[in-house]
Amino acid sequence: MVMVNVAAPQLEEVGKTHSVQLTPEDAPSLIAMKRIGKDFQQYDSDTTAMVVIEGQDKLGDEAHKYYDQIVAKLLQDPKHVEHVENFWGDRITAAGSQSTDAKAAYVQLNLRCNQSDSVANASVDAVYKIVESVPAPPGVKAYVTGPGPLAADRREYGDLSMQVVTLVTVVLISIMLFIAYRKVSTALVMLFTILVELFTACGTVAVLGHYNLIGLSTFAVNVLVALSIAAAADYLIFLVGRYQEARSHGQDRVDAFYTMYKGTAHVVLGRV
C-alpha cells in the first residue's frame with residue numbers, strides 16, 4: 001500500500017492529468033464533425049465551448065467592446081483555442097448569434113484536443129481565465145458553457161462527489177460492522193483492513209495511469225473506489241464469518257485460521 005501510494009500522485013490527481021476522451025473515434029457523428037473542421041481548415045478536435053454575453057438591458061457599445069476584447073484574447077491563444085466563430089463581430093451575421101430581445105449574444109469556440117482528455121480540460125481552464133481577465137461593464141456578465149466545459153466540470157465535481165460518497169460509505173460500513181460483531185476492536189480491525197485494501201487498489205491504478213499504462217476517466221475512478229470498498233468489505237466479512245464458524249465448531253484459533261484460509265482463499269482469488 002505504501003509503495004504504490006508513494007510511486008505516484010493520488011488517484012484524483014492522476015485522473016485529472018491523464019484523463020482520456022469519452023467520445024469514440026469511430027462514431028459517425030464525430031467523424032463528420034472532424035471532417036467539417038478539416039474541409040473548412042478550422043479545427044481537428046471535437047471539443048466545443050460557448051461564451052455567452054448577457055446583459056440586464058439591451059447590449060450596447062460597451063457590451064460589444066467587452067465582447068471584442070474577449071474574442072481578441074481568445075484569438076491570441078492558439079495553444080488552447082483552435083477556432084473562434086465570431087458571428088456577433090460581423091454585421092452580416094450578428095443577428096444570428098444574438099437573442100431576439102438583444103440582451104444576450106454568444107461566440108462558439110473550438111478548443112484543442114478531444115473532449116474530456118487532459119489537454120481539452122486545460123483548454124477549458126484557459127478560456128475561463130481569459131473571460132475572467134476582461135473586466136465586464138456594469139450590468140453585463142459572461143458565462144462559459146457548452147460540451148467542453150460541461151465535461152471538465154463533470155470531472156471536477158465527480159471527484160468531489162466521490163470524496164463524499166467514500167466518507168459516507170466508510171461511516172455506514174463502520175456502523176454495520178459494529179452492529180454485526182458488537183465489539184469496537186473487531187470493527188476497527190476490519191475497517192482498517194478495508195481501508196488498506198482501498199488505498200492499495202487506488203494506488204495501484206494511480207501508478208498504472210501515471211505511467212501511461214492505462215487511461216482514466218471520472219466514471220472509471222468513481223466506479224473503482226465504490227467497487228474497491230464493496231469488494232474489500234465483502235471479502236473481509238466472508239473471511240471472518242468462516243473463522244467464526246470454525247470457532248463455533250470447537251476449533252482453536254490456529255486451526256480456525258487455517259480452516260478459514262483453505263475455505264476462502266481460492267474463492268477470493270477467483271473473484272479478483
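Predicted model: local features only at pLDDT ≥ 70, side-chain atom pairs only at ≥ 80, totals over all residues.
Me: OK, and what does R112 pair with?

Reply: The side chain of R112 meets that of E82 in a salt bridge, at 3.1 Å from N to O (a Lys or Arg side-chain nitrogen within 4 Å of an Asp or Glu carboxyl oxygen). E82 sits in strand β2 (residues 81–85), whereas R112 sits in the loop between β3 (104–111) and α5 (118–133), so the pair ties together parts that are 30 residues apart in sequence. Helices (H or I, at least four residues) and strands (E, at least two) are DSSP runs, numbered from the N terminus.

Me: Is E82 buried or exposed?

Reply: E82 counts as buried, because its relative accessibility is 17%.

Me: How many salt bridges does the structure hold?

Reply: The structure holds 4 salt bridges. Among them is K34 with E25, whose side chains meet at 3.3 Å from N to O, and here E25 is partly exposed, with a relative accessible area of 44%. Another of them joins D159 and R155 at 3.7 Å, again N to O.

Me: Where do D159 and R155 sit, and how far apart are they in the helix?

Reply: D159 and R155 belong to helix α6 and, because they are 4 residues apart there, about one helical turn separates them. Both residues are buried.

Me: Switching topic, how many cavities are there?

Reply: There are 2 cavities of 30 Å³ or more. A cavity is a set of points on a 1 Å grid where a 1.4 Å probe fits but cannot get out, and lining residues have an atom within 4 Å of a point. The largest cavity has a volume of about 60 Å³, and its lining includes S19, R154, R155, S217 and T218. In that lining α6 has the largest share, with 3 residues.

Me: And what about the second largest cavity, which residues line it?

Reply: Its lining includes L11, E12, S19, R155, D159, S217 and T218, and the elements giving two or more residues to it are α2 (11–17), α6 and α8 (218–248). The largest share, 4 residues, comes from α2, and the volume of this second largest cavity is about 40 Å³.

Me: Last one, which residues form the nonpolar patch on the surface?

Reply: The patch is formed by V164, L167, V168, V171, L172, I175, F178, I179, V184 and L188, which together have about 940 Å² of accessible area. Patch residues have over 30% relative accessible area and no salt bridge, with nonpolar side chains joined within 5 Å and like charges within 9 Å.

Me: Which helix gives the most to the nonpolar patch?

Reply: Helix α6 gives the most, with 8 residues, and both α6 (147–181) and α7 (184–210) supply at least two residues each. V164 is found in α6, and V164 is exposed, with a relative accessible area of 51%.

Technical notes. Residues numbered from 1 in each chain as written. Heavy atoms only, no water. Areas by Shrake-Rupley, 256 points an atom, 1.4 Å probe, with all protein chains shown as cover. Buried < 20%, exposed > 50% of the residue type's maximum accessible area, 1.4 Å probe, protein only. 1 Å grid on protein atoms, 1.4 Å probe; cavity = no way out; pocket = protein on both sides within 12 Å on 5 of 7 lines; lining within 4 Å. Points joined across faces, edges and corners; volume = space filled by probe spheres on them.
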